[in-house]
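Reader: I am new to reading protein structures. Can you take me through one, feature by feature?

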Amino acid sequence: MPTVLVEGRDAIQAVDGTKLVLALEDNGVDILHRCGGNAKCTTCAVELLSGSAGEMEEAEATVLRNKGIEDPAVRLSCQIRLQGDLTVRLIKTATSTGLEPGTRPQE
């Protein structure tokens, strides 16, 4: 079971292959996911501090590029399938933005 350490919060455990956004949400982290986990909006972006988030697929690379996000440490939590331990920093949350999180992403 991968462990996800969210900066400033308790570590959480998740099942291998779970989307990071769902692991966060299911453990009480108010992460945004306004497009429903479809790699279209970047609201679920996190900064990867340590660990491997796996290979970035084209949909994720395209939306990050289109939004002007060039930092390779910034990844979309809806596109990361957990395969090992990660440490991340949240970029946007429902609390910090005042927005509703969005439709729950599909498994």
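Reader: Which residue takes a positive phi just after α2?

Author: Gly68 does, with a phi of about 75°. Keep in mind that this model is predicted.

Reader: Which residues of helix α2 are buried?

Author: Helix α2 covers residues 58-66. Its buried residues are Glu60, Ala61, Val63 and Leu64.

Reader: What do the buried residues of α2 pack against?

Author: They pack against strand β4.

Reader: Now the sheet. What is the order of its strands?

Author: The order is β2-β1-β5-β3-β4. That makes an open sheet of 5 strands, and the pairing is mixed.

Reader: Which strands stand at the edges?

Author: Strands β2 (11-13) and β4 (74-76) do. Each has a single partner strand, so one side of each is left without a neighbour in the sheet. From one strand to the next, the twist averages 40°.

Reader: Let me look at β1. In which sense do β1 and β5 pair, parallel or antiparallel?

Author: Parallel. Strand β1 holds residues 3-6, strand β5 holds residues 86-90, and 3 bridges link the two.

Reader: How many residues lie between β1 and β2 in their hairpin?

Author: There are 4. Gly8 sits in that turn, and its phi is positive, about 80°.

Reader: Loops next. Where is Ser77 found?

Author: Ser77 is in the loop between β4 and β5.

Reader: Is Ser77 buried or exposed?

Author: Buried means under 20% relative accessible area. Ser77 has 0% relative accessibility, so Ser77 counts as buried.

Reader: Which residues does Ser77 touch?

Author: Leave out residues up to four places away in sequence. Ser77 then touches Lys19, Leu20, Val21, Leu24, Ile31, Cys44 and Val46.

Key:
Residues numbered from 1 in each chain as written. Predicted model: local features only at pLDDT ≥ 70, side-chain atom pairs only at ≥ 80, totals over all residues. Heavy atoms only, no water. Pairing = 2+ DSSP bridges. Axes fitted to C-alpha atoms, helices over the stretch in contact; angles between N-to-C directions. Buried < 20%, exposed > 50% of the residue type's maximum accessible area, 1.4 Å probe, protein only. Contact = heavy atoms within 4.5 Å.
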